[in-house]
Amino acid sequence: MKSLLPALLLFAASMAPVHAKDAAPDPSRDEIRQLVEQFKTAIKAHDGEGMAKLFLPGGSWLQTLDDASWEKVKAKEPDARQVTTGDYQKFSQFVGKATKPIEETFDNVRIETDGTIGMVYFDYVFLASGKPTNHGNETWQLVRTPDGWKISAMLYSIVLDDRH
C-alpha cells in the first residue's frame, strides 16, 4: 500500500482543475477583442475599406438560413439555397455604400486562442435604421499575422426577423 500511495497522490494532483484566473494574462485575447470592436465600429461608420482590412484574403464565408427563414425566402425565390457562400469584399462594399444606419450587436462573445490561431463565437443581431433585420450565431476563425489578427473564415446562421 505504501508504494501505491505516492502514485495515487501524483495522479490526483494531475487531475486538479486549472482555472483561467490562475493563468497568466493573455494579450492575444485582448487583441481579438479589439478586432471584434473594429468590426462593429466599421459597420456603424460605413467604413468598407476598414472592414476589408480585418480579413485575410482567400478565406471562406458561409451563411445558412434557419428552416423557417428558408421557407420564407423560397416562397419569393423558389431556387433559393439554404446554405450560400459570400465573401468579405461584397460585405465590405455593402458596408461602405450603405445609405441608412447599420449596426451589428454581439452578445455572449466567446474567444479561444493559443496566441497563433483563434476563434470567436457569439450571438448577433443585425440592425438597419435601428430595426433588427436578422439574427443568429456567428463564428470567426482567426489567424495572427504580422499585421495583427485577421478573420480567415466566417460562418453564421440567419434567422430573418418579422419584416421579411
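**Whole chain**

Start with a cartoon of the protein, bearing in mind that this is a predicted model. The secondary structure amounts to five helices and six strands. Along the sequence their order is α-α-α-β-α-β-α-β-β-β-β. Colour by accessibility next: of the 164 residues in the protein, 32% are buried. Among contacts with a separation of 6 or more, 56% are between residues 24 or more positions apart.

**Helix H5**

Select residues 88–97, which form helix H5. Show the side chains of Tyr 88, Phe 91, Ser 92 and Val 95, which are buried. Now look down the helix axis. The buried residues of H5 fall within an arc of 100 degrees, so they line one face of the helix. An α-helix has 3.6 residues a turn, so residues three or four places apart point the same way. Turn to the other side of H5, where Lys 90 and Lys 97 are exposed.

Then move to the N-terminal end of H5 and select Asp 87, which caps it. A side-chain oxygen of Asp 87 lies 3.1 Å from the backbone nitrogen of Gln 89.

**Aromatic rings**

Select Trp 61 and Phe 91 as one of them. Their ring centres are 5.5 Å apart and their planes stand at 45 degrees, so this pair is tilted. Trp 61 belongs to strand E1 (residues 55–65) and Phe 91 to H5, so the pair ties together parts that are 30 residues apart in sequence. Both Trp 61 and Phe 91 are buried.

Go on to Phe 122 and Trp 140. Here the centres are 5.5 Å apart and the planes are at 85 degrees, so the pair is edge-to-face. Phe 122 is in strand E4 and Trp 140 in strand E5 (residues 131–145), so this pair ties together parts 18 residues apart in sequence. Phe 122 is buried, with a relative accessible area of 0%, and Trp 140 is also buried, at 0%.

Now widen the selection. Which residues do ring pairs link into a cluster? They are Phe 39, Phe 55, Trp 61, Tyr 88, Phe 91, Phe 94, Phe 106, Phe 122, Tyr 124, Phe 126, Trp 140 and Tyr 156.

Lys 40 lies over the face of Phe 106, at 5.5 Å from the ring centre. Lys 74 lies over the face of Trp 70, at 4.1 Å from the ring centre.

**The E3–E4 hairpin**

Select strand E3 (residues 102–113) and strand E4 (residues 117–128), which run antiparallel and are joined by ten bridges. Then go to the turn, which has three residues between the strands. Gly 115 takes a positive phi there, near 95 degrees.

**Asp 123**

Stay in strand E4 and select Asp 123. Is Asp 123 buried or partly exposed? At 24% relative accessibility, Asp 123 counts as partly exposed, because buried means under 20%. Leaving out residues up to four places away in sequence, Asp 123 touches Thr 105, Phe 106, Asp 107, Asn 108, Gly 136 and Asn 137. With Asn 137 there is a polar contact between side chains, at 2.6 Å. For a C-alpha distance, pick Asp 123 and Val 109: they are 14 residues apart in sequence and 7.2 Å apart in space.

**Thr 145**

Finish in strand E5 with Thr 145. Which backbone atoms does its side chain reach? The side chain of Thr 145 reaches the backbone nitrogen of Asp 147 at 3.0 Å and the backbone oxygen of Gly 148 at 2.7 Å. Beyond residues up to four places away in sequence, Thr 145 touches Leu 56 and Lys 150.

Notes. Residues numbered from 1 in each chain as written. Predicted model: local features only at pLDDT ≥ 70, side-chain atom pairs only at ≥ 80, totals over all residues. Heavy atoms only, no water. Pairing = 2+ DSSP bridges. Helix = DSSP H or I, 4+ residues; strand = E, 2+ residues; numbered from the N terminus. Phe/Tyr/Trp six-rings, centres within 6.5 Å; stacked < 30°, edge-to-face > 60°. Buried < 20%, exposed > 50% of the residue type's maximum accessible area, 1.4 Å probe, protein only. Lys NZ or Arg CZ within 6 Å of the ring centre and 35° of its normal. Arc of directions from axis to C-beta. Polar contact = N/O pair within 3.5 Å; in protein donor to acceptor, adjacent residues only side chain to side chain. Contact = heavy atoms within 4.5 Å.
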